[in-house]
Amino acid sequence: MRFTRTHTARATAAVVVAVPLALGALTSQSHAQDASPSPSGPFGSGCSALSQKADTAKDKVVEAAAAYPQLSQLVAAVVRAQLSGTLDGKPAVTIFAPNQQAFQNVQASQLSSLLGDQGQLKKVLTYHVVDKQITPNQLSKGSFTTVEGSKLTTSGSGTDFKVNDKANIVCGNIKAANATIYVVDAVLQPPS
(Lines give C-alpha, C1' and ligand atoms only; values in the text may rest on other atoms or scores of the structure.)
Protein backbone atom coordinates (compact mmCIF):
# COMPACT_ATOMS: atom_id res chain seq x y z
CA MET A 1 0.00 0.00 0.00
CA ARG A 2 1.37 3.33 -1.05
CA PHE A 3 0.75 6.42 1.15
CA THR A 4 0.18 9.68 -0.57
CA ARG A 5 0.15 13.13 0.89
CA THR A 6 -3.64 12.94 1.12
CA HIS A 7 -3.52 9.70 3.16
CA THR A 8 -0.81 11.11 5.43
CA ALA A 9 -2.75 14.36 5.94
CA ARG A 10 -5.92 12.41 6.80
CA ALA A 11 -4.06 10.17 9.25
CA THR A 12 -2.42 13.19 10.89
CA ALA A 13 -5.80 14.97 11.17
CA ALA A 14 -7.32 11.86 12.76
CA VAL A 15 -4.53 11.74 15.35
CA VAL A 16 -4.82 15.48 16.03
CA VAL A 17 -8.55 15.04 16.74
CA ALA A 18 -8.28 11.71 18.61
CA VAL A 19 -5.53 12.66 21.07
CA PRO A 20 -7.36 15.66 22.64
CA LEU A 21 -10.57 13.63 22.79
CA ALA A 22 -8.75 10.79 24.56
CA LEU A 23 -7.06 13.24 26.93
CA GLY A 24 -10.41 14.88 27.62
CA ALA A 25 -11.88 11.51 28.55
CA LEU A 26 -8.96 10.85 30.89
CA THR A 27 -9.35 14.28 32.48
CA SER A 28 -13.05 13.81 33.16
CA GLN A 29 -12.35 10.37 34.62
CA SER A 30 -9.69 11.75 36.94
CA HIS A 31 -12.07 14.50 38.11
CA ALA A 32 -14.70 11.88 38.86
CA GLN A 33 -12.14 9.96 40.90
CA ASP A 34 -11.03 13.13 42.73
CA ALA A 35 -14.52 13.75 44.11
CA SER A 36 -14.31 12.08 47.51
CA PRO A 37 -17.36 10.12 48.48
CA SER A 38 -18.76 10.96 51.88
CA PRO A 39 -17.67 8.54 54.56
CA SER A 40 -20.24 6.01 55.70
CA GLY A 41 -18.59 5.27 59.05
CA PRO A 42 -16.49 7.21 61.54
CA PHE A 43 -13.79 9.33 59.91
CA GLY A 44 -10.98 11.69 60.85
CA SER A 45 -7.45 11.70 62.18
CA GLY A 46 -8.68 12.09 65.77
CA CYS A 47 -10.75 8.89 65.83
CA SER A 48 -7.82 6.79 67.07
CA ALA A 49 -7.31 9.19 70.00
CA LEU A 50 -10.86 8.56 71.18
CA SER A 51 -10.14 4.91 72.05
CA GLN A 52 -13.74 3.81 72.09
CA LYS A 53 -14.61 1.40 74.88
CA ALA A 54 -17.66 -0.20 73.27
CA ASP A 55 -20.12 -0.03 70.41
CA THR A 56 -22.20 3.07 71.17
CA ALA A 57 -24.83 2.70 68.43
CA LYS A 58 -27.41 1.43 70.95
CA ASP A 59 -26.63 4.01 73.68
CA LYS A 60 -28.36 7.37 74.12
CA VAL A 61 -26.07 10.29 73.31
CA VAL A 62 -24.76 11.16 76.80
CA GLU A 63 -23.92 7.54 77.61
CA ALA A 64 -22.33 7.15 74.16
CA ALA A 65 -20.17 10.26 74.70
CA ALA A 66 -19.20 8.98 78.17
CA ALA A 67 -17.67 5.89 76.49
CA TYR A 68 -14.95 8.15 75.04
CA PRO A 69 -12.33 9.47 77.51
CA GLN A 70 -11.62 12.41 75.13
CA LEU A 71 -15.20 13.63 75.76
CA SER A 72 -15.18 13.34 79.57
CA GLN A 73 -15.01 17.11 80.17
CA LEU A 74 -17.94 17.64 77.79
CA VAL A 75 -19.97 14.96 79.58
CA ALA A 76 -19.16 16.57 82.96
CA ALA A 77 -20.32 19.96 81.61
CA VAL A 78 -23.55 18.44 80.26
CA VAL A 79 -24.27 16.87 83.66
CA ARG A 80 -23.43 20.17 85.44
CA ALA A 81 -25.82 22.05 83.11
CA GLN A 82 -28.51 19.40 83.76
CA LEU A 83 -28.87 18.69 80.04
CA SER A 84 -28.51 14.88 80.10
CA GLY A 85 -32.26 14.19 80.13
CA THR A 86 -32.91 16.84 77.48
CA LEU A 87 -30.30 15.44 75.07
CA ASP A 88 -31.14 11.80 75.71
CA GLY A 89 -34.85 12.54 75.30
CA LYS A 90 -34.53 13.94 71.78
CA PRO A 91 -35.25 11.43 68.99
CA ALA A 92 -32.54 12.57 66.55
CA VAL A 93 -29.80 15.12 67.19
CA THR A 94 -26.32 15.99 66.03
CA ILE A 95 -23.71 16.97 68.60
CA PHE A 96 -20.57 18.90 67.66
CA ALA A 97 -18.70 17.61 70.69
CA PRO A 98 -15.63 19.53 71.94
CA ASN A 99 -12.83 17.17 72.96
CA GLN A 100 -10.45 17.56 75.93
CA GLN A 101 -8.04 19.68 73.87
CA ALA A 102 -10.88 22.07 73.02
CA PHE A 103 -11.58 22.68 76.70
CA GLN A 104 -7.86 23.03 77.47
CA ASN A 105 -7.64 25.79 74.86
CA VAL A 106 -10.21 27.92 76.73
CA GLN A 107 -8.58 30.32 79.21
CA ALA A 108 -8.83 28.96 82.75
CA SER A 109 -10.70 32.04 84.03
CA GLN A 110 -13.22 31.87 81.15
CA LEU A 111 -13.77 28.15 81.68
CA SER A 112 -14.23 28.62 85.42
CA SER A 113 -16.71 31.43 84.78
CA LEU A 114 -18.61 29.34 82.24
CA LEU A 115 -18.82 26.30 84.51
CA GLY A 116 -20.01 28.51 87.36
CA ASP A 117 -22.90 30.04 85.39
CA GLN A 118 -25.46 27.33 84.62
CA GLY A 119 -27.50 29.55 82.27
CA GLN A 120 -24.46 30.51 80.18
CA LEU A 121 -23.19 26.92 80.24
CA LYS A 122 -26.53 25.68 78.88
CA LYS A 123 -26.42 28.37 76.17
CA VAL A 124 -22.91 27.37 75.05
CA LEU A 125 -23.58 23.62 75.19
CA THR A 126 -26.89 23.79 73.31
CA TYR A 127 -25.11 25.83 70.62
CA HIS A 128 -23.21 22.58 69.89
CA VAL A 129 -26.47 20.67 69.27
CA VAL A 130 -28.64 20.56 66.13
CA ASP A 131 -32.13 19.08 66.48
CA LYS A 132 -31.72 16.66 63.57
CA GLN A 133 -29.18 14.12 62.43
CA ILE A 134 -26.66 15.57 59.99
CA THR A 135 -24.95 13.23 57.55
CA PRO A 136 -21.40 13.75 56.23
CA ASN A 137 -22.98 14.69 52.85
CA GLN A 138 -24.62 17.71 54.50
CA LEU A 139 -21.38 19.06 55.99
CA SER A 140 -19.75 20.46 52.83
CA LYS A 141 -21.76 23.70 52.79
CA GLY A 142 -24.11 23.37 55.75
CA SER A 143 -26.00 25.98 57.72
CA PHE A 144 -27.94 24.68 60.71
CA THR A 145 -30.05 26.18 63.47
CA THR A 146 -28.84 24.96 66.85
CA VAL A 147 -30.95 24.06 69.88
CA GLU A 148 -29.66 27.33 71.40
CA GLY A 149 -31.35 29.16 68.51
CA SER A 150 -28.41 30.57 66.55
CA LYS A 151 -26.93 29.31 63.28
CA LEU A 152 -23.70 27.40 62.84
CA THR A 153 -22.05 26.56 59.54
CA THR A 154 -20.02 23.65 58.27
CA SER A 155 -17.67 23.49 55.29
CA GLY A 156 -15.18 21.13 53.70
CA SER A 157 -15.13 17.90 51.72
CA GLY A 158 -14.13 14.26 51.90
CA THR A 159 -13.10 13.79 55.53
CA ASP A 160 -11.82 17.34 56.13
CA PHE A 161 -14.53 19.58 57.62
CA LYS A 162 -14.73 22.74 59.73
CA VAL A 163 -17.46 24.21 61.90
CA ASN A 164 -17.85 28.01 61.76
CA ASP A 165 -14.53 28.15 59.86
CA LYS A 166 -12.87 27.69 63.26
CA ALA A 167 -13.22 24.20 64.69
CA ASN A 168 -11.94 21.14 62.86
CA ILE A 169 -14.00 17.97 62.94
CA VAL A 170 -11.31 15.60 64.18
CA CYS A 171 -13.54 12.52 64.32
CA GLY A 172 -16.94 12.41 62.74
CA ASN A 173 -20.02 10.33 62.11
CA ILE A 174 -20.00 8.47 65.44
CA LYS A 175 -23.39 6.85 65.95
CA ALA A 176 -25.49 6.77 69.09
CA ALA A 177 -29.08 5.52 69.41
CA ASN A 178 -30.50 9.04 69.05
CA ALA A 179 -27.56 11.04 67.74
CA THR A 180 -24.67 11.53 65.38
CA ILE A 181 -21.53 12.88 67.06
CA TYR A 182 -18.86 15.00 65.37
CA VAL A 183 -15.87 15.61 67.67
CA VAL A 184 -14.43 19.12 67.28
CA ASP A 185 -11.18 20.68 68.50
CA ALA A 186 -12.66 23.97 69.76
CA VAL A 187 -15.44 25.06 72.08
CA LEU A 188 -17.93 26.91 69.87
CA GLN A 189 -19.34 30.22 71.08
CA PRO A 190 -22.85 31.33 70.10
CA PRO A 191 -23.04 34.77 68.50
CA SER A 192 -23.50 37.52 71.09
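Let me start with the cavity. Helix 3 (61-66), helix 4 (72-80) and strand 1 (93-98) each supply at least two residues of the lining of the largest cavity. Helices here are DSSP runs of H or I with at least four residues, strands are runs of E with at least two, and both are numbered from the N terminus.

A word on the source. This is a predicted model, in which local features need pLDDT of at least 70 and side-chain atom pairs count only at pLDDT 80 or more, while totals for chains, interfaces and linings use all residues. Residues are numbered from 1 along each chain as its sequence is written, and side-chain values use heavy atoms, with hydrogens and water left out.

Back to the cavity. The structure holds one cavity of 30 Å³ or more, and the volume of the largest cavity is about 130 Å³. On a 1 Å grid over the protein atoms alone, a cavity is a set of points where a 1.4 Å probe fits but cannot get out; a pocket is an open set with protein on both sides within 12 Å along at least five of seven lines; lining residues have an atom within 4 Å of a point. Grid points are joined across faces, edges and corners, and a volume is the space filled by probe spheres set on the points.

Of the 14 residues that line the largest cavity, Val61, Leu74, Val78, Leu87 and Ile95 lie nearest its centre. The lining has 13 nonpolar, one polar and no charged residues. Nonpolar covers Ala, Val, Leu, Ile, Met, Phe, Trp, Tyr, Cys and Pro; charged covers Asp, Glu, Lys and Arg; the others, Gly among them, are polar.

Next, the pocket. The largest pocket has a volume of about 220 Å³, and its lining divides into five nonpolar, five polar and two charged residues. Among the lining residues are Asn105, Gln110, Leu114, Lys166 and Asp185. Helix 7 gives the largest share of this lining, three residues.

What does helix 7 meet in helix 8? Leu114, Leu115 and Gly116 in helix 7 meet Gln118, Gln120, Leu121 and Val124 in helix 8, where contact means heavy atoms within 4.5 Å. By class, this contact has four nonpolar, three polar and no charged residues.

Last, the aromatics. The whole structure has three aromatic pairs, counted for rings of Phe, Tyr and Trp (its six-membered ring) with centres within 6.5 Å; planes under 30 degrees apart are stacked, over 60 edge-to-face and the rest tilted. Phe43 and Tyr182 form a tilted pair, 6.4 Å centre to centre with 55 degrees between the planes.
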